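Please keep the sequence and the structure in view while reading.

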Amino acid sequence: MLLYLHGPDSYLREQALRGLLEKYRVKHPVARIESFELVDADTLPQFKTFLQTQSLFASDKLGIIHELDTELKELPALIRSYKEGKETTLILTVPKALPKAYAFLVSEAIYTSSFDVLRGADFLTFLKNEAMKRGIALSSTDAQKLGRSYEGDTWGVVRELEKLALGGTLDDPLMLPE
């Protein structure tokens with residue numbers, strides 16, 4: 001089974017990955033889970049070993065690919081061969097859409113999602129939702145102020161909301177970037 005998360009907003013990609021992992025762990029509590037950064041040919045054997053070996057305690061396994069070298073010619077076919085897999089799930093989470101050799105992910109993955117940088121009203125909606133999750137009541141003015149200061153930077157605005165949740169204020173000069 002293949003899942004494909006891509007796009008430049010690493011915070012949103014990471015949140016989606018966490019959600020998928022939570023669901024997977026509920027369904028497969030004893031599954032083997034490993035992460036991979038397939039950055040060169042030297043990292044490929046470890047990934048192949050993971051795919052080919054069976055655990056003594058669980059038949060299900062999840063491989064998370066955080067980074068991959070698109071020059072590894074055998075990788076697209078290797079990944080594609082697991083699209084029908086019942087026991088092996090692969091999640092690819094990368095900052096950019098992959099090249100043509102990986103185009104099958106868009107049509108054949110059971111889940112695919114793009115996480116573009118949020119701007120304007122979308123960023124403001126994100127900011128307000130994150131504030132509500134943390135129990136922070138932001139005025140419209142404060143939301144606009146944070147939105148202008150951090151537009152497109154989801155990690156930055158979440159960090160500032162965390163500071164607010166811990167008792168910080170927007171008037172603190174350390175809170176807003178120049």
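## A partly exposed glutamate and its partner

Glu-162 has a relative accessible area of 35% and is therefore partly exposed, where buried means under 20% relative accessible area, exposed means over 50% and partly exposed lies in between, computed with a 1.4 Å probe on protein chains only. The model is a predicted one, in which local features need pLDDT of at least 70 and side-chain atom pairs count only at pLDDT 80 or more, while totals for chains, interfaces and linings use all residues. Residues are numbered from 1 along each chain as its sequence is written, and side-chain values use heavy atoms, with hydrogens and water left out.

The side chain of Glu-162 meets that of Arg-134 in a salt bridge, at 2.6 Å from N to O; a salt bridge here is a side-chain nitrogen of Lys or Arg within 4 Å of a carboxyl oxygen of Asp or Glu. This pair links distant parts of the chain, since Arg-134 is in the loop between α5 and α6 and Glu-162 is in helix α7, 28 residues apart. Helices (H or I, at least four residues) and strands (E, at least two) are DSSP runs, numbered from the N terminus. Arg-134, with a relative accessible area of 22%, is partly exposed.

Side chains of opposite charge can pair when their charged atoms come close. By the rule given above, the count comes to 10 salt bridges. One of them joins Lys-133 to Glu-130, with the closest N and O atoms 2.9 Å apart, and both residues lie in helix α5, 3 residues apart, or about one turn of the helix. Lys-133 counts as exposed at 63% relative accessibility, whereas Glu-130 counts as buried at 4%. Glu-130, Lys-133, Arg-134 and Glu-162 are linked in a network of salt bridges.

Another salt bridge is formed by the side chains of Lys-83 and Glu-108, at 3.2 Å from N to O. Lys-83 lies in the loop between α3 and β4 and Glu-108 in helix α4 (residues 104–108), so this pair ties together parts that are 25 residues apart in sequence. Lys-83 is partly exposed at 29% relative accessibility, and Glu-108 is partly exposed with a relative accessible area of 22%.

## Helix α5 and what covers it

Helix α5 (residues 120–133) has 14 residues, which at 1.5 Å a residue should span 20 Å, and its end C-alpha atoms are 20 Å apart, which agrees; the expected span is 1.5 Å times one less than the number of residues. The buried residues of α5 are Phe-123, Leu-124, Phe-126, Leu-127, Glu-130 and Ala-131. They cover an arc of only 160 degrees around the axis, which puts them on the same side of α5, the arc being that of the directions from the helix axis to the C-beta atoms.

On the other side of α5, Ala-121, Asp-122, Met-132 and Lys-133 are exposed. The cover over the buried residues of α5 includes α1 (10–27), α6 (140–150) and α7 (154–165), judged by contact, that is, heavy atoms within 4.5 Å. Just after α5, Gly-135 takes a positive phi of about 70 degrees.

## Packing of α1 against α7

How are α1 and α7 placed relative to each other? They pack at an angle of about 75 degrees, with their axes 7 Å apart, and are therefore roughly perpendicular to each other. Axes are lines fitted to C-alpha atoms, for helices over the stretch in contact, and angles run from 0 to 180 degrees between N-to-C directions; angles under 35 degrees count as roughly parallel, over 145 as roughly antiparallel, 65 to 115 as roughly perpendicular and the rest as oblique. Ser-10, Tyr-11 and Glu-14 in α1 meet Thr-154, Trp-155 and Val-158 in α7.

Thr-88 is found in strand β4 and counts as buried at 7% relative accessibility. Leaving aside neighbours within four places in sequence, Thr-88 is in contact with Met-1, Leu-51, Lys-61 and Tyr-82. Lys-86, in the loop between α3 (75–80) and β4 (88–94), is exposed, with a relative accessible area of 72%. Lys-86 and Met-1 are 85 residues apart in sequence and 6.5 Å apart in space, C-alpha to C-alpha.

The secondary structure comes to 7 helices and 5 strands, in the pattern β-α-β-α-β-α-β-α-β-α-α-α along the sequence. Of the 178 residues of the protein, 42% count as buried.
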